[in-house]
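This briefing covers selected local features of the structure shown below. Topics are grouped by region.

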Amino acid sequence: PVRGLRQVDISSTTNRENRRLTTLRKDAGRARTRIINSLRHILRRHNLQWEMPTKTFPTQRAIAWLKTLVLPAIDRLELDHLLADLEHIERRVEELDKVIAQRCEINDDAVLLASIPGAGAFTAVSLACRTGRIERFPRSRSLANYGGLTPGCRNSGENNKRLGSITKAGSSMARWLLAQLTQKVLRKDARMREWFKRIKRRRGTSIARVAVMRKLATIIWHMLTQRITYAACREISTA
């Protein structure tokens with residue numbers, strides 16, 4: 001910093017567009033979840049959830065069954081409106097996923113991040129555009145600190161070990177995506193799973209999951225810095 005002023009990194013036009021695009025996709029997913037929950041609420045109101053032809057929802061058989069379901073007039077009207085909204089939001093999600101997949105193919109950083117177990121085009125593009133230029137992070141822990149995954153420090157005088165909870169600075173969406181990736185990585189990466197279990201026995205599940213998120217941020221820094229995939233990064237770490 002020059003005379004105490006913080007440095008501001010202006011993101012590129014492509015990254016700004018990708019941030020808007022992925023935010024629209026996240027909002028569309030949340031809207032779809034709200035519609036599905038409203039449909040399930042109507043079924044529970046009349047104790048009809050057990051008669052659904054499929055366990056998962058929405059499926060073609062379940063939607064066809066809902067269209068022929070006999071309900072009181074007001075509930076039937078609400079159900080028809082929700083089904084129309086669901087069809088509209090499904091088309092929006094499909095269109096957004098198609099555009100995100102196209103942008104992922106031409107983004108070198110997103111292609112590398114897509115090699116993480118469980119990371120699709122949406123996750124890869126979202127993390128890549130919110131990370132920006134990896135050169136602005138001098139060390140691996142700098143990216144974890146930028147994402148708000150490091151504990152806050154409230155030292156005063158001689159008390160130099162007053163560490164609090166994580167700062168939660170930076171992008172909340174990036175932390176949410178890392179939390180989702182943690183579940184996938186723990187199922188497919190045996191070394192990470194064993195490391196997670198050791199921390200879980202000592203500190204509990206919540207702290208162990210945050211530790212895995214912070215480790216994933218460190219791995220992402222090495223992937224983008226050395227231009228290698230997740231598997232290659234883990235092999236180097238093992239060696």
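At 11% relative accessibility, arginine 234 counts as buried, where buried means under 20% relative accessible area, exposed over 50% and partly exposed in between (1.4 Å probe, protein chains only). The model is predicted: local features need pLDDT of at least 70, side-chain atom pairs count only at pLDDT 80 or more, and totals for chains, interfaces and linings use all residues. Residues are numbered from 1 along each chain as its sequence is written, and side-chain values use heavy atoms, with hydrogens and water left out.

**Arginine 234 and its surroundings**

- Arginine 234 belongs to helix H10 (residues 230-238); helices (H or I, at least four residues) and strands (E, at least two) are DSSP runs, numbered from the N terminus.
- Not counting residues up to four places away in sequence, arginine 234 touches Asp189, Arg191, Met192, Lys215 and Ile219, contact meaning heavy atoms within 4.5 Å.

**Packing of H8 and H9**

- Helix H8 (residues 190-203) packs with helix H9 (residues 205-226) at an angle of about 145 degrees, and their axes are 8 Å apart.
- Axes are lines fitted to C-alpha atoms, for helices over the stretch in contact, and angles run from 0 to 180 degrees between N-to-C directions.
- The two helices, H8 and H9, cross in a right-handed sense; a crossing is right-handed if the near helix is turned clockwise from the far one by less than a right angle, and left-handed if anticlockwise.
- On the H8 side the contact involves Met192, Trp195, Phe196, Ile199, Lys200 and Arg203, which meet H9 residues including Ile207, Val212, Lys215, Leu216 and Ile219.
- By class, this contact of H8 with H9 has 10 nonpolar, one polar and four charged residues (Ala, Val, Leu, Ile, Met, Phe, Trp, Tyr, Cys and Pro count as nonpolar, Asp, Glu, Lys and Arg as charged, and the others, Gly among them, as polar).

**Helix H2 and its partners**

- Ala62, Trp65 and Leu66 are buried in helix H2 (residues 60-67).
- Seen down the axis of H2, the buried residues fall within an arc of 100 degrees, so they line one face of the helix; the arc is that of the directions from the helix axis to the C-beta atoms.
- These buried residues of H2 pack against helix H1 (13-45) and helix H3 (73-105).
- Gln60, Arg61 and Lys67, on the other side of H2, are exposed.

**Arginine 45**

- Arginine 45 lies in helix H1 and is partly exposed, at 42% relative accessibility.
- Leaving aside neighbours within four places in sequence, arginine 45 is in contact with Asp75 and Glu78.

**Cysteines**

- There are zero disulfides in the structure, a disulfide being a pair of cysteine sulfur atoms within 2.5 Å.
- The sulfur of cysteine 104 is 11 Å from the closest cysteine sulfur, in cysteine 129, too far for a bond.
- Cysteine 104 is buried at 9% relative accessibility, and cysteine 129 is buried with a relative accessible area of 0%.

**Backbone features in loops**

- The peptide bond from phenylalanine 57 to proline 58 is cis, with omega near 5 degrees; proline 58 sits in the loop between H1 and H2.
- Lysine 168, in the loop between strand E2 (163-166) and helix H7 (172-188), has a positive phi of about 55 degrees although it is not a glycine. Lysine 168 is exposed, at 57% relative accessibility.
- Arginine 227 is partly exposed, at 41% relative accessibility.
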